[in-house]
Amino acid sequence: MATTASTAAHTTLASVTLEVADPDAARRFYRAFGVDAYVHVRASEAPSTGFRGFTLALTVSGPSTVDGFVAAAVAAGATVLKPAAKSLWGYGGVVQAPDGTIWKIATSAKKDTGPAIREIDEVVLLLGVEDVKATKQFYVSRGMTVAKSFGGKYAEFAPGRSACVKLALYKRRALAKDLGVPAEGTGSHCIVLGSPADAFTDPDGFTWQHAAMPAPTAS
């Protein structure tokens with residue numbers, strides 16, 4: 001897709017909208033989970049089966065805070081896909097919301113250095129893509145700035161000034177394996193990304209729409 005310089009200069013992740021079967025129930029869940037300030041929800045318009053090709057990842061301060069967010073999600077109706085546990089990189093777990101969205105909660109710390117807190121250090125939207133290098137170049141051509149890149153395995157973009165969610169790319173099959181789910185899936189991704197720039201669809205079918213608001217708000 002051709003991209004003008006003026007359009008590219010304004011492409012940034014301004015909002016994340018999850019398409020769900022029951023918006024009211026999803027709002028209640030995300031409020032109880034503690035992440036309602038980071039996502040919008042709206043009624044789904046297309047069917048989806050299997051892995052939707054993305055996850056939202058929360059980075060927090062320590063293991064006890066991970067446990068707190070996992071417990072809050074489960075109490076609100078989430079399913080545990082991977083129990084929280086230590087790993088080579090730290091400590092984390094994976095849950096699936098009642099609407100089907102997969103969330104990973106993790107910390108790089110393997111031990112607590114303080115009490116558990118209900119605070120989120122960072123939210124990252126990880127898109128599972130077939131070709132990280134090609135998709136990275138697609139977003140660079142639209143004016144996004146690469147903050148981290150590890151060959152054809154992972155890429156992360158610098159967030160815009162008003163963005164509260166960071167965008168990153170990961171190999172689809174590697175992402176599914178990390179989440180503990182089969183990589184296969186069909187239909188809608190059930191997610192829409194907002195940007196102040198024009199609407200477009202990326203090489204892996206993720207849809208961006210014009211977003212008038214600079215960032216998501218609690219709803």
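Me: How many cavities of 30 Å³ or more does a search of the whole structure find?
Reply: The search finds 2. This is a predicted model, where local features need pLDDT of at least 70, side-chain atom pairs count only at pLDDT 80 or more, and totals for chains, interfaces and linings use all residues. Residues are numbered from 1 along each chain as its sequence is written, and side-chain values use heavy atoms, without hydrogens and water.

Me: What makes a space a cavity?
Reply: On a 1 Å grid over the protein atoms alone, a cavity is a set of points where a 1.4 Å probe fits but cannot get out. The second largest cavity holds about 40 Å³, a volume being the space filled by probe spheres set on the points, which are joined across faces, edges and corners.

Me: Which residues line the second largest cavity?
Reply: Among them are Thr12, Met144, Phe157 and Lys166. Lining residues have an atom within 4 Å of a point.

Me: How does the lining of the second largest cavity divide?
Reply: Into 8 nonpolar, 2 polar and 1 charged. Ala, Val, Leu, Ile, Met, Phe, Trp, Tyr, Cys and Pro count as nonpolar; Asp, Glu, Lys and Arg as charged; the others, Gly among them, as polar.

Me: What makes E1 and E13 a pair?
Reply: Pairing takes at least two DSSP bridges between strands. Strand E1 (residues 15-20) and strand E13 (residues 191-195) have 4, so they pair. They run antiparallel. Threonine 17 has valine 192 in E13 as its bridge partner. Strands (E, at least two residues) are DSSP runs, numbered from the N terminus.

Notes
On a 1 Å grid over the protein atoms alone, a cavity is a set of points where a 1.4 Å probe fits but cannot get out, and a pocket is an open set with protein on both sides within 12 Å along at least five of seven lines; lining residues have an atom within 4 Å of a point.
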